[in-house]
Amino acid sequence: SNPVAEMGNSILHRSRSSLTLDLKADEGRASALELISHADAVIEGFRPGVMERLGLGPDVCLAGNPALVFGRMTGWGQEGPRAKEAGHDINYISLAGALSMFGTPGKPPEAPLNLVGDYAGGAMYLVMGVLAALLRAQKTGKGQVVDAAMTDGTASLLSLFIALKQSGDWGEARQANLLDGGAPFYRCYECADGGFVSVGALEPQFFAALLSGLEIPHDRYGQNDRATWPAMQKEFEALFASRSRAEWEAVFGGTDACVAPILTTTEAASDPHNSIRGTYVNFDGITQPAPAPRFSATPSQIVAASTESVETLLKRWQVPR
């Protein structure tokens, strides 16, 4: 066994019940169909056509449960020239146009972890689609298929930047635009101790607070005068490099300059703000993110992952067997 993988699974699979079925066997398929017939939604992440070959495609499942929401999660989508090809987050955000926007000019683009395609453009769009379809099913009694492709979701995430590009306010070059590190007042800086801070002073009043904290005369730079950006960035770099991260935290703490320390996940878990909110919790001896978002009437609780049987699940769902 892999202890690292097991620890990761203890976080990713927490508060979930699991059931193992052999979907290539008649008994396993029958059990799956029985559960699906009583479910509000089913989510699958196979390549297109696999569920159909198993006898568990949306037509079969919706025939037995007309109000079912059938969520399908793929990288490329259910159709198209690449639909049945293998791929990963980095490939999907490449094709969607997002990866070209990350990284240093003159070098290959840099992968932004797998948050953009797998989680933001994929899982979050799938959840949004499934929840919307569930609302319709509750009102009409009619289910439907939700086709969530990571390429589609990632392209949708780019809407703001495509709009800016259409208006001439965004160029193809990396780190040359307002929100990609091109603006001196929206980027990261190294401090004297090797730590880093993030600066996001977009609005004029926040930019003014930033200049005050850096002790720069307010009339030295025009915030949106791009001709001054190289000199502005050079001065910002020198100033931030003159003090430690903690010193800059003291300068900007409690102000509207939009300056924050760049924390590691270990540091983030003990940060005063995160600690007060309980953003990170210790469960089963492991420090991990707390459930999000937060519900006022039904607060989320973490429980250990569990293994169930078909009988146990149906009993929990109050379905006679």
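Guide: Contact here means heavy atoms within 4.5 Å. This is a predicted model, in which local features need pLDDT of at least 70 and side-chain atom pairs count only at pLDDT 80 or more, while totals for chains, interfaces and linings use all residues. Residues are numbered from 1 along each chain as its sequence is written, and side-chain values use heavy atoms, with hydrogens and water left out.

Visitor: Which residues does leucine 210 touch?

Guide: Leaving aside residues up to four places away in sequence, leucine 210 touches Phe185, Val199, Ala201, Phe236, Phe240, Phe252, Ala257 and Val259.

Visitor: What makes a set of residues a nonpolar core?

Guide: The members are buried Ala, Val, Leu, Ile, Met, Phe, Trp, Tyr and Cys residues, joined through side-chain atoms within 4.5 Å. The largest such core has 21 residues, and those touching the most other members are Phe185, Leu210, Leu214, Phe236, Phe240 and Phe252. At least two residues of this core come from each of strand 6 (196-200), helix 9 (204-214), helix 10 (229-240) and helix 11 (245-252). Helices (H or I, at least four residues) and strands (E, at least two) are DSSP runs, numbered from the N terminus.

Visitor: Which residues of helix 11 are buried, and why are they said to lie on the same side?

Guide: Arg245, Trp248 and Phe252 are buried in helix 11. They cover an arc of only 60° around the axis, and therefore lie on the same side of the helix; the arc is that of the directions from the helix axis to the C-beta atoms. The buried residues of helix 11 pack against strand 6, helix 9, helix 10, strand 7 (259-261) and helix 12 (265-270).

Visitor: Why does arginine 245 count as buried?

Guide: Buried means under 20% relative accessible area, exposed over 50%, and partly exposed in between (1.4 Å probe, protein chains only). Arginine 245 has 14% relative accessibility, so this residue counts as buried. Glutamate 267, with a relative accessible area of 31%, is partly exposed.

Visitor: What makes the pairing of glutamate 267 and arginine 245 a salt bridge?

Guide: A salt bridge requires a side-chain nitrogen of Lys or Arg within 4 Å of a carboxyl oxygen of Asp or Glu. For glutamate 267 and arginine 245 the N to O distance is 3.0 Å, and their side chains meet in a salt bridge. This pair links distant parts of the chain, glutamate 267 being in helix 12 and arginine 245 in helix 11, 22 residues apart. By this rule the count comes to 10 salt bridges.

Visitor: How do you know that aspartate 26 and arginine 29 are separated by about one helical turn?

Guide: They are three residues apart in helix 2 (residues 26-38), which means a separation of about one helical turn. Aspartate 26 counts as exposed because its relative accessibility is 60%, whereas arginine 29, at 21%, counts as partly exposed.

Visitor: Which bond joins alanine 292 and proline 293?

Guide: A cis peptide bond joins them, with omega about -5°. Proline 293 is found in the loop between strand 9 (286-289) and strand 10 (306-307).
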